[in-house]
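The paragraphs below lead through one protein chain. Please keep the sequence and the structure in view while reading.

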Amino acid sequence: MRGVQIRITDGVGRQIIGGRYEPGDLLPKEAELASEFEVSRTSVREGMRVLAAKGLVEIRQKIGTTVRQPEHWSVFDSDVLRWHHEAGRGDEIERSLAEVRCVLEPAAARLAADYATPDDLRRLQTAIEQMASSPADAAAHDRAVGDFHETVCRASRNVLMRHFGSVVSELGVASRGSLHAASAGRKVLSPRLAAYRDLLQAITDRNGPAAGAAMLVVLEAEYS
């Protein structure tokens, strides 16, 4: 997005999620928003279209732009997630995501035990090796954890699971506890690495129930 469009999209997006505008509220007219954010009315219209695509607003001719109910918001969108954090509501989203992950990812692991290819297994092993080699680099460790989860979901050969794995990896929340683990060094990482290795072994052994149980252990370690 261009700079002026980002200004209006970010500004109004934060205001909506922060509670300045409630669901059902009519947003100010284009001229008012253009004045508030020092942008053109064309930029306001473009920004509103972006917010509509993210599910935050509905644009209706001759009526205006209204705020939609939260259930319509694209909470997996990176901007929407960021606005929740900036509004002090990030914990709510992370808690909800953790609950969903504990339902979906064990199922993905069970399917991966049936359908994982040799290439999938190599990718999982590589991700574990990258976790082990980056105990002091939180960003690198998070990327490796994200790659691991995305690969498990991809190995399920389920289209929806695969998409969910991409979302988890993209949002960078695959390992909530990795920053603490990285700062503490290998001693703290060891139990987590053992959980990932147990999961990989269960998938390699084609043991679906064990893979599902191992994924729950992994998630508990990440969110502890």
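A residue is called buried when its relative accessible area is under 20%, exposed when that area is over 50%, and partly exposed in between, with a 1.4 Å probe and protein chains only. Ser134 is buried by this rule because its relative accessible area is 9%.

This is a predicted model, in which local features need pLDDT of at least 70, side-chain atom pairs count only at pLDDT 80 or more, and totals for chains, interfaces and linings use all residues. Residues are numbered from 1 along each chain as its sequence is written, and side-chain values use heavy atoms, with hydrogens and water left out.

The chain has eleven helices and two strands. Helices (H or I, at least four residues) and strands (E, at least two) are DSSP runs, numbered from the N terminus. Read from the N terminus on, the elements follow the order α-α-α-β-β-α-α-α-α-α-α-α-α. The C-alpha trace spans about 60 × 35 × 25 Å along its principal axes. Of the 224 residues in the chain, 46% are buried. Contact means heavy atoms within 4.5 Å. Among the contacts in the chain with a separation of 6 or more, 68% are between residues 24 or more positions apart.

The walk starts with the helix pairs. Two packed helices are described by the angle between their axes and the distance between the axes. Axes are lines fitted to C-alpha atoms, for helices over the stretch in contact, and angles run from 0 to 180 degrees between N-to-C directions. Helix 1 (residues 3-18) and helix 2 (residues 30-37) have axes that come within 10 Å and cross at roughly 105°. Helix 1 is therefore roughly perpendicular to helix 2. Angles under 35 degrees count as roughly parallel, over 145 as roughly antiparallel, 65 to 115 as roughly perpendicular and the rest as oblique. On the side of helix 1, Arg7, Ile8, Gly11, Val12 and Gln15 take part, and they meet Leu33, Glu36 and Phe37 in helix 2. By class, this contact of helix 1 with helix 2 has four nonpolar, two polar and two charged residues. Here Ala, Val, Leu, Ile, Met, Phe, Trp, Tyr, Cys and Pro count as nonpolar, Asp, Glu, Lys and Arg as charged, and the others, Gly among them, as polar.

Helix 2 also packs with helix 3 (residues 41-53), at an angle of about 100° and with the axes 9 Å apart. That makes helix 2 roughly perpendicular to helix 3. Glu30, Ala31, Leu33 and Ala34 of helix 2 make this contact with Arg41, Val44, Arg45 and Met48 of helix 3. The contact of helix 2 with helix 3 has five nonpolar, no polar and three charged residues.

Ala34 has its place in helix 2. Is Ala34 buried or exposed? Ala34 has a relative accessible area of 9% and is therefore buried. Leaving aside neighbours within four places in sequence, Ala34 is in contact with Val39, Ser40, Arg41 and Val44.

Glu22 belongs to the loop between helix 1 and helix 2. Glu22 counts as partly exposed because its relative accessibility is 44%. From C-alpha to C-alpha, Glu22 and Pro70 are 9.6 Å apart in space, and they are 48 residues apart in sequence.

The next topic is the nonpolar cores. A nonpolar core is a set of buried Ala, Val, Leu, Ile, Met, Phe, Trp, Tyr and Cys residues joined through side-chain atoms within 4.5 Å. The largest has 31 residues, of which Phe148, Val152, Leu199 and Ile203 touch the most other members. Helix 5 (90-115), helix 6 (118-133), helix 7 (138-155), helix 10 (186-204) and helix 11 (208-223) each supply at least two residues of this core. Helix 10 gives the most, with seven residues. Not counting residues up to four places away in sequence, Phe148 touches Leu124, Ala127, Ile128, Met131, Tyr196 and Leu199. A second, separate core of 19 residues includes Val12, Met48, Val57 and Trp73.

Ser134 lies in the loop between helix 6 and helix 7, and its side chain reaches the backbone oxygen of Gln130 at 2.7 Å. Glu222 lies in helix 11 and counts as buried, at 0% relative accessibility. The side chain of Glu222 makes a polar contact with the side chain of Arg101 (3.4 Å). A polar contact is a pair of N or O atoms within 3.5 Å; within protein, one must be able to donate a hydrogen and the other to accept it, and residues adjacent in sequence count only if both atoms are side-chain atoms.
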